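Subject: Structure handover

Hello,

Please find the structure below. My notes on what was found in it follow.

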Amino acid sequence: MPLNLRAYHRPKTFAEALALLRRPDIRTVPIGGGTQLLAEGAREVEAVVDLQDLGLNFIRLEGNTLRIGATTPLQALVETPESAAYGGGILAVAARETAPLPLRNQRTVGGAVVGASSEQPLATVLLALDAELMVFTEPERPRTIHMEAFYDYREALQRQGMLLTEVRLPLSAAPMGAAFHKVARTPADAPIVGVAVRLFRGVDGACYGVRIAAGGVAPRPVRLIEAERMLEGHPPDPERFAMAAEEARNRVSPPGDFRGSSEYRREMVAVLLRRALTEAAARAGWPQDLRA
């Protein structure tokens, strides 16, 4: 529990929430489930803005977009058919890997995105899925920010009194494959390194829309763009997967800690990427054996 908390607000409108978040005289933060704030016990937080009455608990398919409200519990990604089926189930996998069941019923998608650590599975997966975030810094003026850009400017946006309202994921008629693989000390532990992949199978049998994201190799999840370029527009095969994995290994410079050295993390990026590419290609419908 924050030691200096002295005010609790539960606004009914975005304008009211933003006005509270932008007060200069008191350190105020938004909460959905409140799990991260309670765990951290941040001394500087003096007031909280509870977002539960803003109508942000939803998962909807609209046109070519899957919309996920910011206060949607992580468990809803597992249980709701629209999200559970997305990308062959990768959102459900990411939710399960991000928190155990008791916390998934309380922790929200928005809280997981905004407070994401370097290794967090959901943030890594959303980055690979080309997620866009709907963010308010002023009433009636929403901004759509790509996930990658959001992490570049996260601290500045938070200082402005940012309100994240939803996550948006694209839908496509082309067959899509997606996968997430991690390495951890035990299956139940948080990842040391995690790699997520998304790709589409073109009518010519080549890979398109390739996205690769890695967690545990930088201060936040990052895209491995050079490895993506090696796959874009080419048919999948074990040799090309191995080349992309080696490129990814050479491009990352992760810090080491007690859970894994820098070199270990680099090697795991290559191993996990090969596995994720093989699984994603199979999910997209390539018939040949792609096992490296």
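**Asp130 and its loop**

Asp130 is found in the loop between H8 and S6. Helices (H or I, at least four residues) and strands (E, at least two) are DSSP runs, numbered from the N terminus. This is a predicted model, in which local features need pLDDT of at least 70 and side-chain atom pairs count only at pLDDT 80 or more, while totals for chains, interfaces and linings use all residues. Residues are numbered from 1 along each chain as its sequence is written, and side-chain values use heavy atoms, with hydrogens and water left out.

Asp130 is not a glycine, yet its phi is positive, about 60°. Asp130 is also buried, with a relative accessible area of 16%. Buried means under 20% relative accessible area, exposed over 50%, and partly exposed in between (1.4 Å probe, protein chains only).

**The antiparallel sheet**

An open sheet is formed by 5 strands in the order S4-S5-S8-S6-S7, with antiparallel pairing. Strand S4 (59-62) and strand S7 (142-146) are at the edges with a single partner strand each, so one side of each has no neighbour in the sheet. From one strand to the next the twist averages 25°. Two strands count as paired if DSSP finds at least two bridges between them.

S4 is joined to strand S5 (residues 65-69) by 4 bridges, and the two run antiparallel. Arg60 stands opposite Arg67 in S5. S4 and S5 form a hairpin with 2 residues between them, and Gly63 in the turn has a positive phi of about 60°.

S6 and S8 also run antiparallel, joined by 5 bridges. Leu133 has Val167 in S8 as its bridge partner. H1 packs on the sheet and touches S6 and S8, its direction making about 120° with that of S8. Axes here are lines fitted to C-alpha atoms, for helices over the stretch in contact, and angles run from 0 to 180 degrees between N-to-C directions.

Which residues of helix H1 (residues 14-21) are buried? They are Ala17, Leu18, Leu20 and Leu21. These residues cover an arc of only 160° around the axis, which puts them on the same side of H1. The arc is that of the directions from the helix axis to the C-beta atoms. The cover over the buried residues of H1 includes strand S1 (7-9), strand S2 (28-31), strand S3 (47-50), strand S6 (132-136) and strand S8 (163-170). Contact means heavy atoms within 4.5 Å.

S1 and S3 pair in the parallel sense over 3 bridges, and S2 runs parallel to S3 with 4 bridges. Ala47 in S3 has Ala7 opposite it, and Thr28 stands opposite Ala47 as well. In S3, Ala47 and Val49 point one way, Val48 and Asp50 point the other way, and all are buried. In a regular strand the side chains alternate between the two faces of the sheet.

**The cores**

The largest nonpolar core has 57 residues, and those with the most contacts inside it are Ile68, Val113, Leu126, Met147, Phe150 and Leu169. Helix H8 (residues 121-128) gives the most to this core, with 6 residues. A second, separate core has 32 residues, including Val217, Leu231, Ala244 and Ala270. A nonpolar core is a set of buried Ala, Val, Leu, Ile, Met, Phe, Trp, Tyr and Cys residues joined through side-chain atoms within 4.5 Å.

Leaving out residues up to four places away in sequence, Phe150 touches Val113, Val114, Leu133, Ile145, Leu157 and Met162.

**Further along the chain**

Ala206 is in the loop between strand S10 (193-201) and strand S11 (207-215). Ala206 is buried, with a relative accessible area of 2%. Among the residues that Ala206 touches are Gly233, His234, Pro235 and Trp286. Ala206 and Phe136 are 70 residues apart along the chain, and their C-alpha atoms are separated by 39 Å.

Arg249 lies in helix H12 (residues 238-251) and is buried, with a relative accessible area of 14%. Its contacts, not counting residues up to four places away in sequence, are Glu263, Arg266, Glu267, Val269 and Ala270.

Helix H13 (residues 262-284) has 23 residues, which at 1.5 Å a residue should span 33 Å; its end C-alpha atoms are 33 Å apart, which agrees. The expected span of a helix is 1.5 Å times one less than its number of residues. After H13 comes Gly285, with a positive phi near 105°.

Regards
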